[in-house]
Amino acid sequence: MDITIVEFFRHFHFVNEAWCFTTPLCMMALDIILGTINAIATKTFKSSRMRVGLSKKSGEIAILVLGELFSFAMGLPKELMTGVSAYIIFMEFMSIMENCEKSGVPVPKFIKAIVNNVDESLSEDDYKALTTRLNQAIKTVEELEEESKKKG
């Protein structure tokens, strides 16, 4: 069973739409704090570099705001905003992991490979394996939801 992108994002469970907006903002704040602490600790803090980073964060916030505006104004499905949020959350997660690694915190190897951009391309076999695992995970979630409904 192949899934569409919309079906994939239906499995993200934000409590409400406010969290869809707030979660990426919290992760951005955490990334800024960790990056600043790391730069100060390693004596590599540069205000020009921070300005560049903050301008990128401003762009991410603009994308979030635009996603919310378009979702609301055009009556688009909530999965659109969930997708935008998920993308930014993933980017921030990777940046936070990168800051943790620079600080000496042990980071799992598979995350290091992604953070260090060992290979930016995704082969067809990797894509198939990833979609297979994703479909299995969704099937498991659906089975758990069904069991929960039966018990409930």
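This is a predicted model: local features need pLDDT of at least 70, side-chain atom pairs count only at pLDDT 80 or more; totals for chains, interfaces and linings use all residues.

Modeller: Residues are numbered from 1 along each chain as its sequence is written, and side-chain values use heavy atoms, with hydrogens and water left out.

Biologist: Which element of the chain has the highest mean pLDDT?

Modeller: pLDDT is the predictor's confidence in each residue, from 0 to 100. The chain's mean is 81, with 84% of residues at 70 or more. Elements here are DSSP runs, numbered from the N terminus: helices (H or I, at least four residues) and strands (E, at least two). Helix H1 (residues 5–10) sits lowest at 61, and the highest, at 89, is H2.

Biologist: How far does helix H2 reach from its first C-alpha to its last?

Modeller: H2 covers residues 17–41, which is 25 residues. The expected span is 1.5 Å times one less than the number of residues.

Biologist: Is Asn38 buried or exposed?

Modeller: Asn38 is in helix H2, and contacts (heavy atoms within 4.5 Å) beyond its neighbours within four places in sequence are with Asn99, Lys102 and Ser103. The cut-offs are under 20% relative accessible area for buried, over 50% for exposed and partly exposed in between (1.4 Å probe, protein chains only). Asn38 has 8% relative accessibility, so Asn38 counts as buried.

Biologist: Which helices are included in what covers the buried residues of H2?

Modeller: Those buried residues are Cys20, Pro24, Met27, Met28, Asp31, Asn38 and Ala39. Their cover includes helix H3 (47–73) and helix H4 (78–102).

Biologist: What is the phi of Lys43 near?

Modeller: Lys43 follows H2, in the loop between H2 and H3. Lys43 counts as exposed because its relative accessibility is 77%. Its phi is positive, in a residue other than glycine, and lies near 55°.

Biologist: Where is Met74, one of the residues of the nonpolar surface patch?

Modeller: The patch is about 680 Å², and Ile61, Val65, Leu66, Leu69, Phe70, Leu76 and Leu80 are also in it. H3 gives the most, with five residues. Met74 has a relative accessible area of 54%, so Met74 is exposed. Its place is in the loop between H3 and H4.

Methods:
Patches are made of residues with over 30% relative accessible area and no salt bridge: like charges are joined within 9 Å, nonpolar side chains (Val, Leu, Ile, Met, Phe, Trp, Tyr) within 5 Å. Accessible areas come from the Shrake-Rupley method with a 1.4 Å probe; for residues, only the protein chains shown count as cover. A salt bridge is a side-chain nitrogen of Lys or Arg within 4 Å of a carboxyl oxygen of Asp or Glu.
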